[in-house]
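My entries follow in the order I made them.

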Amino acid sequence: MFLGILFSKSILELDALVNLFIGMVAFTAIAGATYIVNDIRDLEADRNHPQKRHRPIASGQVPVGVAAVFAGILAVLGLIGAYTLGPLFLAILIAYLGQNFLYSAVLKRIVFVDILVVAAGFVLRAVAGVVAIDVFLSPWLIMSTFLLALVLAIGKRRNELEITADPTESRQVLHAYSEGDLDHLLVMTMSTLLMAYSLYTFSRTDYMMMVTIPFAFFGVFRYHHLVHTTQVAGQPEYILTDRPSIVNFVLWSVTTILILYNIPQIIIEVVL
């Protein structure tokens, strides 16, 4: 959801920050509700998963009834928060909620559709962030968001195949995948991601964002390496412990902010 406020150069506008905060809280509440519902529906499968069996609901730490009530409360609070940001934001949140319930009920069992739906959910988040502060965001960045999420989804499926003795016990759709197919999909999607991001930088009038392309390539290359040498694909948050990835992200972020907000030029004008 930060893409809109960062790339629209609105990060210093108070109204935009407040609306984004409200939007993030609302979206987080809705996302939390859908995750809880999904965990309840996947209770038995999660208990057979080497990692998911430690989740609060699967492990029995949180009773199913309590989890269901909490999910309902989160959903209501999320929708109320979304309503304050206007009908379009509310519609996006309802679409996200509906998409996730369809995913839990049916779509996660359909090969390829499962990972596409997961990626689409991240696009809805990015679009929601744009709508919350009423700005324009390049379609290439929206496409890059979709492709990045798709990379993560494919990596996760590959990891599940790799670590589970009988993958279908933890996720029914895994019987239709193979590590070889997922490796090909991963490379294809990563290549398209880099192309989409590069096209975004080319589409800007100042062209300076092209300077960030090497960081994008390194990040993708590093993730591909980690997918094949670690368990990062199964738990993407572990990438936060990978020092090269952290350094690369910081450099990309700093460079992007310097370029978008024309900070070097501002410093020169102040000094002179």
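**Entry: burial**

I settled the cut-offs before anything else: buried means under 20% relative accessible area, exposed means over 50%, and partly exposed lies in between. I also noted that the model is predicted.

Is Ser198 buried or exposed? Its relative accessible area is 10%. The limit for buried is under 20%, so Ser198 counts as buried. I placed Ser198 in helix α10. Then I looked up its contacts, leaving aside neighbours within four places in sequence. Ser198 is in contact with Ile213 and Phe217.

**Entry: salt bridges**

I asked how many salt bridges the structure holds. There are six. I kept the general point beside the count: side chains of opposite charge can pair when their charged atoms come close.

I took Arg157 and Glu160 to begin with. They form a salt bridge, with 3.6 Å between the closest N and O atoms. Both residues sit in helix α8, which covers residues 139-163. They are three residues apart, about one turn of the helix. Arg157 has a relative accessible area of 3%, so I logged Arg157 as buried. Glu160 is at 2%, so Glu160 is buried too.

I went on to Arg158. Arg158 is buried, at 6% relative accessible area. Glu162 is partly exposed, at 36%.

I then found Arg158 in another salt bridge, with Glu179, at 3.6 Å from N to O. This pair links distant parts of the chain, with Arg158 in helix α8 and Glu179 in helix α10 (residues 179-203). The two residues are 21 residues apart. I logged Glu179 as partly exposed, with a relative accessible area of 31%. What do the shared partners build? Salt bridges join Arg158, Glu162, Glu179 and Asp183 into one network.

**Entry: domains**

I looked up the domain assignment. It gives domain 1 as residues 1-137 and domain 2 as residues 138-271. Taken over C-alpha atoms, the domain centres are 20 Å apart. I noted the contact between them as well: 32 residues come from domain 1 and 34 residues from domain 2.

**Entry: largest pocket**

I read off the volume of the largest pocket, about 1700 Å³. It is lined by 41 residues. I listed those closest to its centre: Leu3, Leu148, Leu152, Phe249 and Trp252.

Which helix gives the most to this lining? It is α12, with eight residues. I noted the helices that each supply at least two residues: α1 (2-7), α2 (14-41), α7 (113-133), α8, α10, α11 (213-229) and α12 (243-260).

I sorted the lining by residue type. It divides into 32 nonpolar, eight polar and one charged. Domain 1 and domain 2 each give at least three residues to the lining of the largest pocket.

**Entry: second largest pocket**

Of its 34 lining residues, Tyr35, Arg55, Val118, Phe122 and Lys156 are the closest to the centre.

At least two residues come from each of α2, α4 (56-59), α5 (64-83), α6 (87-105), α7 and α8.

I sorted this lining as well. I logged 17 nonpolar, seven polar and ten charged residues. The lining of the second largest pocket draws at least three residues from each of domain 1 and domain 2.

Key
Residues are numbered from 1 along each chain as its sequence is written. This is a predicted model: local features need pLDDT of at least 70, side-chain atom pairs count only at pLDDT 80 or more; totals for chains, interfaces and linings use all residues. Side-chain values use heavy atoms; hydrogens and water are left out. A salt bridge is a side-chain nitrogen of Lys or Arg within 4 Å of a carboxyl oxygen of Asp or Glu. Helices (H or I, at least four residues) and strands (E, at least two) are DSSP runs, numbered from the N terminus. Buried means under 20% relative accessible area, exposed over 50%, partly exposed in between (1.4 Å probe, protein chains only). Contact means heavy atoms within 4.5 Å. On a 1 Å grid over the protein atoms alone, a cavity is a set of points where a 1.4 Å probe fits but cannot get out, and a pocket is an open set with protein on both sides within 12 Å along at least five of seven lines; lining residues have an atom within 4 Å of a point. Grid points are joined across faces, edges and corners, and a volume is the space filled by probe spheres set on the points. Ala, Val, Leu, Ile, Met, Phe, Trp, Tyr, Cys and Pro count as nonpolar, Asp, Glu, Lys and Arg as charged, and the others, Gly among them, as polar. Domain bounds come from an automatic or database domain assignment.
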